[in-house]
Amino acid sequence: MAAPQLSLKGRALRFLSMREHSRMELARKLARYAEEGDDVEALLDLLEKNNWLSQERFSEALIHRRSARFGNSRIVAELQSHGIKGEELQELKAGLAEGETERCVEVWNRKFGTVAADPQERNKQMRFLLQRGFSQRAVQTALKGAPEDD
């Protein structure tokens, strides 16, 4: 016996039960299943009204998932790709900037753990951290090594 077809709202709730989605991402996923007469935008409005879909929760979840591995610029770029912009993006940037150096040092410690002995190794470490989206200032601090406990 075949499983019954899920309604568009049912699919949306299934997606949202797995993890937070941005409005843009959920609209793209639901568009594949929308049939003639289905209004995806009205459904998204309903989900937001009932607080089942929230850009704020999505942003916080994405930052939480990515912050242990990536720097500010990489996270901000991903947020922008999901349609987060304007004042909300500026607030998120400010919140991310506070702990970037510490996160960079943690990533450096997990990957390398020792200060580079030669310029080639230093460049390798620098490239790795910059490609992860960390700022120059955070990378310079991390390359000096973990701070000594006093």
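Arg-23 is buried, with a relative accessible area of 17%. In this predicted model, the side chain of Arg-23 forms salt bridges with Asp-45 and with Glu-48. The salt-bridge count comes to 6. Helix packing is described below for α5 with α6 and for α4 with α5.

**Salt bridges of Arg-23**

- Arg-23 and Asp-45 form a salt bridge in which the closest N and O atoms are 2.8 Å apart. This pair links distant parts of the chain, with Arg-23 in helix α2 and Asp-45 in helix α3 (residues 40–49), 22 residues apart.
- Asp-45 has a relative accessibility of 44% and counts as partly exposed, whereas Arg-23 is buried at 17%. The cut-off for buried is under 20% relative accessible area, and exposed means over 50%.
- Glu-48 and Arg-23 also meet through their side chains in a salt bridge, at 2.8 Å from N to O. Here too the pair links distant parts of the chain: Glu-48 belongs to helix α3 and Arg-23 to helix α2, and they are 25 residues apart.
- Glu-48 is partly exposed, at a relative accessible area of 31%.

**Salt bridge between Glu-20 and Arg-57**

- The side chains of Glu-20 and Arg-57 form a salt bridge of 3.0 Å, N to O. Glu-20 sits in the loop between α1 (8–18) and α2 (23–31) and Arg-57 in helix α4 (residues 55–66), so the bridge ties together parts that are 37 residues apart in sequence.
- Glu-20 counts as buried because its relative accessibility is 19%, and the cut-off for buried is under 20%.
- Arg-57 counts as partly exposed, with a relative accessibility of 27%.

**Packing of α5 and α6**

- Helix α5 (residues 72–81) packs with helix α6 (residues 87–97) at an angle of about 160°, and their axes are 10 Å apart. Angles over 145 degrees count as roughly antiparallel, and α5 and α6 are therefore roughly antiparallel to each other.
- The crossing of these two helices, α5 and α6, is right-handed. On the α5 side the contact is made by Asn-72, Ile-75, Val-76, Leu-79 and Gln-80, and on the α6 side by Leu-89, Leu-92, Lys-93, Leu-96 and Ala-97.
- Sorted by class, the residues in the contact of α5 with α6 are 7 nonpolar, 2 polar and 1 charged.

**Packing of α4 and α5**

- Helices α4 and α5 pack at an angle of about 145°, their axes lying 11 Å apart. Their crossing is right-handed.
- Ser-59, Leu-62, Ile-63 and Arg-66 of α4 make the contact with Ile-75, Glu-78 and Leu-79 of α5. By class, the residues of this contact divide into 4 nonpolar, 1 polar and 2 charged.
- Ile-75 and Leu-79 of α5 take part in the contact with α4 and are also listed in the contact with α6.

**Backbone at Asn-51**

- Asn-51 lies in the loop between α3 and α4. Its phi is near 65°, a positive value in a residue other than glycine.
- Most residues other than glycine have a negative phi.
- Asn-51 is partly exposed, with a relative accessible area of 48%.

Conventions:
Residues are numbered from 1 along each chain as its sequence is written. This is a predicted model: local features need pLDDT of at least 70, side-chain atom pairs count only at pLDDT 80 or more; totals for chains, interfaces and linings use all residues. Side-chain values use heavy atoms; hydrogens and water are left out. A salt bridge is a side-chain nitrogen of Lys or Arg within 4 Å of a carboxyl oxygen of Asp or Glu. Helices (H or I, at least four residues) and strands (E, at least two) are DSSP runs, numbered from the N terminus. Buried means under 20% relative accessible area, exposed over 50%, partly exposed in between (1.4 Å probe, protein chains only). Axes are lines fitted to C-alpha atoms, for helices over the stretch in contact, and angles run from 0 to 180 degrees between N-to-C directions. Angles under 35 degrees count as roughly parallel, over 145 as roughly antiparallel, 65 to 115 as roughly perpendicular and the rest as oblique. A crossing is left-handed if the near helix is turned anticlockwise from the far one by less than a right angle, and right-handed if clockwise. Contact means heavy atoms within 4.5 Å. Ala, Val, Leu, Ile, Met, Phe, Trp, Tyr, Cys and Pro count as nonpolar, Asp, Glu, Lys and Arg as charged, and the others, Gly among them, as polar.
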